[in-house]
Protein chains: 2
Amino acid sequence: MYKFEIDKIVEIIKRNNYRVVSLQFPDGLRDYSTSVAEKIDEKIPALITLISSNPCYGACDLVDEDAMNLGAEALFHFGHAQLLKKSRIPVYYIEVRLPHSFIDILEKNLDKLPENLGLVTTVQHIHRVKEVKDYLETHGFNVHTGRPEGRCKYEAQVLGCSFSAAKSIASEVDAFLYMGSGDFHPLGVALATGKPCFALDPLLKEIRSLEEKKEKFLKQRYATIAKAKNAESFGIIVGEKRGQRRLSLAMGIRRKLMAMNRKSFLIHAREITPENIIYFRKLDALVNTACPRIVIEDSPRFYNPLLTPKELEIVMGERDSYEMDEF
Amino acid sequence: MYKFEIDKIVEIIKRNNYRVVSLQFPDGLRDYSTSVAEKIDEKIPALITLISSNPCYGACDLVDEDAMNLGAEALFHFGHAQLLKKSRIPVYYIEVRLPHSFIDILEKNLDKLPENLGLVTTVQHIHRVKEVKDYLETHGFNVHTGRPEGRCKYEAQVLGCSFSAAKSIASEVDAFLYMGSGDFHPLGVALATGKPCFALDPLLKEIRSLEEKKEKFLKQRYATIAKAKNAESFGIIVGEKRGQRRLSLAMGIRRKLMAMNRKSFLIHAREITPENIIYFRKLDALVNTACPRIVIEDSPRFYNPLLTPKELEIVMGERDSYEMDEF
C-alpha cells in the first residue's frame with residue numbers, strides 16, 4: 001500500500017481535537033479510502049470519519065464546503081499538493097508519493113534522448129526528480145528543471161492546467177522528459193512548449209515520444225475547430241468546483257460572441273459529463289472554461305463540438321497557432 | 001411548450017433589480033432551458049443568466065449554494081413545489097404544470113376501479129385533482145384526498161420521499177388512483193399504504209394495477225436483504241444535497257452496526273451513482289440515507305447490495321414487514 005501518513009493525520013486530529021473529519025481521495029487512490037479510515041478510527045475510536053465518494057481530479061476540486069455542511073471540522077485531501085489558498089474548513093494535504101523508480105527504464109533507453117533535457121513530472125513522482133537528474137547528468141546530459149509558478153508548488157512540477165515549469169525553460173532544451181504514466185501530461189508539455197516530449201513511463205516501463213500523438217491530437221482538434229466555425233449558437237460552460245470557476249472569462253467570451261452576432265448561453269456545472277450536457281444538444285458548439293483536461297481527453301464523447309477558450313480564439317480568427325488552456 | 005411563467009420571472013428580476021440569476025430545471029425539463037433563458041434575456045438584455053446543468057431530481061436538490069458562489073443573486077427552480085425553507089439566496093419556485101387531461105382515459109376504464117378511491121398525484125398534475133375527483137364522484141365513486149404534510153405542499157400530493165397524503169386516508173379507501181406516468185410513485189403508494197394502487201397514465205393512456213410490479217419488486221428487495229444478512233462490512237451513504245442530508249440517521253445506523261460487531265464506514269456523496277460508488281466494492285453491503293428513489297429504482301445497477309435504512313432494519317432483525325423509506 002502507498003504511504004498515507006496515518007501517524008501524521010492522527011496527530012493533527014488529536015492536537016486540534018477534531019470530532020468530525022472528512023477524507024477526500026482522487027479516483028486513483030479511493031480504493032484505499034476505507035483502509036485509511038479504519039487505521040485512523042483504530043487510533044481515535046471516538047472520531048467520526050467521513051469519506052467523500054465524489055469524483056476528484058485535482059486539488060482544485062476540494063470537497064471542503066460539502067464536508068463542512070455535513071459537520072466536518074477538517075478535510076484531509078490525499079494525493080495532490082496544495083493549490084487553493086482559501087478553504088471553508090482547515091484542509092490538510094497528504095501528498096501520496098508513488099514508489100516507482102525510473103532508473104532501470106532510463107538505463108535501457110538513454111540512446112533515445114537528446115543532450116539538453118527539461119525534466120518535468122507530477123507531484124506523485126516529485127521525490128524522484130533529483131535522483132533522475134543526477135543519473136542523467138552523470139551520463140552526460142544537461143538537465144534543466146523549471147521553477148514552480150502559479151498553481152504549482154514544486155520545482156519541475158506540472159499540472160493539467162499549468163505547464164509553466166516547462167515553458168520557462170523551453171528555450172534552453174532540445175526536448176522534455178516527463179516522468180509518469182499516461183499521455184495527458186506529456187502531450188500537454190509538448191503542446192505548451194512546442195518542443196518534443198518523451199514520456200518516461202513507470203507502468204509501461206518505456207520511454208516513448210509524444211510527437212505522433214501530438215500530430216494526431218492536433219488533427220482532431222482542428223477538425224473540431226473547423227466544425228465550430230459555422231456555429232450560430234454556443235454554450236459557455238462555467239465550472240462550479242472551487243478551483244475551476246472562471247465566470248469572468250466566460251462573460252468575456254459571451255461579449256465577443258454577441259459582438260459577432262452569435263447566440264450564447266452560460267451553463268454552470270459541477271461534473272461536466274456527456275450525460276449532464278446532453279440537454280444542450282441543440283447548441284452548435286460548447287466552450288468549456290472549467291478543467292482543461294475535459295476537452296483534451298473527453299471531447300470525442302460529447303455530442304456537440306467542445307472547445308477550450310484558446311481554441312475558440314482560433315474559431316473567431318483571433319489566434320493562429322494552437323495553445324493549451326492554462327489557469 | 002410548457003408554461004414557464006416568463007412574465008412573472010421577468011417581473012421578479014426587475015422588481016429586485018437582480019443582475020445575475022441562475023435557472024435550475026429537473027432533467028425532464030432541461031431541454032427547454034435555453035429557450036426560457038433566451039426569452040428572459042430578450043426582455044432584460046443586461047441580465048446575466050446562468051443555467052444549471054447538474055442532475056436535479058427534486059426540490060430537495062437546490063443549486064443555490066453553487067449558484068451563489070458564481071455570483072448569482074437569485075435562483076429560479078422549475079418544476080417542483082417548495083420543499084426546503086432555508087436557502088443561501090432567494091429561491092423562486094416556478095411550478096410547471098403538465099397539460100395532460102385524464103378524463104378521456106378514465107371514461108374508457110371506469111370498470112377497473114373500486115368504489116372507494118384515494119386520489120394522489122405529483123405537483124405537475126395537481127391542477128387536475130379537482131376535475132378528476134368531480135368526474136369520478138358524478139360517476140358514483142367516493143373519492144378521498146389526503147392533506148399535505150411535512151415536505152408536501154398540496155392536498156393529494158406525493159413525493160418520492162413522502163407518501164403521507166396517501167397514508168393518512170389509507171384506512172378509508174379500497175384502492176388508490178395515482179395520476180401520472182412512470183411506476184415509481186404509484187409503486188411507492190402501494191408499498192407505503194398496503195392498499196392496491198392504480199396508475200392513471202397520461203403517456204401510455206391506460207389505467208394499470210401496480211400489484212404485480214409490487215410483488216416482483218418485493219421479491220427483488222427481499223433477495224437483496226437476504227444477501228446483506230451475512231455482510232460483515234457496510235458503507236453508510238450520506239447525501240450532500242441540501243434536502244438529503246441525514247447524518248444523524250447514518251450515525252445511528254453506524255452505532256447499531258458497531259454494537260453488532262459489524263464494520264462500517266460513513267461515505268458522503270453528491271451524486272450516488274454506480275460509477276462513484278464502485279470504489280467501495282470491497283464492502284459487503286451499502287445503506288443509502290440520501291434520496292430513497294436511488295435504492296428503489298437503481299439498486300440493480302450497483303455492485304454491492306444497496307439498502308434503505310428501513311430495509312437494513314429487516315436485515316438486523318428489528319422489523320418484520322416492508323416499509324418505504326420516507327423523510
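Visitor: What makes the crossing of α1(B) and α2(B) right-handed or left-handed?
Guide: The crossing is right-handed. A crossing counts as right-handed if the near helix is turned clockwise from the far one by less than a right angle, and as left-handed if anticlockwise. This is a predicted model, where local features need pLDDT of at least 70 and side-chain atom pairs count only at pLDDT 80 or more, while totals for chains, interfaces and linings use all residues. Residues are numbered from 1 along each chain, and side-chain values use heavy atoms, without hydrogens and water.

Visitor: Why is α1(B) called oblique to α2(B)?
Guide: The axes of α1 (residues 6–16) and α2 (residues 33–43) of chain B come within 10 Å and cross at roughly 50°. Angles under 35 degrees count as roughly parallel, over 145 as roughly antiparallel, 65 to 115 as roughly perpendicular and the rest as oblique. Therefore α1(B) is oblique to α2(B).

Visitor: Which residues of α2(B) make the contact?
Guide: B:Val36, B:Lys39, B:Ile40 and B:Lys43. Contact means heavy atoms within 4.5 Å. On α1(B), the residues include B:Ile6, B:Ile9 and B:Ile13. By class, the contact has six nonpolar, no polar and four charged residues.

Visitor: How much area do domain 2 and domain 3 of chain A bury between them?
Guide: About 420 Å², 68% of it on carbon and sulfur atoms. Buried area is the accessible area (1.4 Å probe) that two parts lose on being put together, summed over both. In domain 2 of chain A, A:Arg151, A:Cys161 and A:Phe184 lose the most area to domain 3 of chain A, together 78% of what that side buries.

Methods: Chains lettered and ligands numbered in written order. Axes fitted to C-alpha atoms, helices over the stretch in contact; angles between N-to-C directions. Helix = DSSP H or I, 4+ residues; strand = E, 2+ residues; numbered from the N terminus. Nonpolar A, V, L, I, M, F, W, Y, C, P; charged D, E, K, R; others polar.
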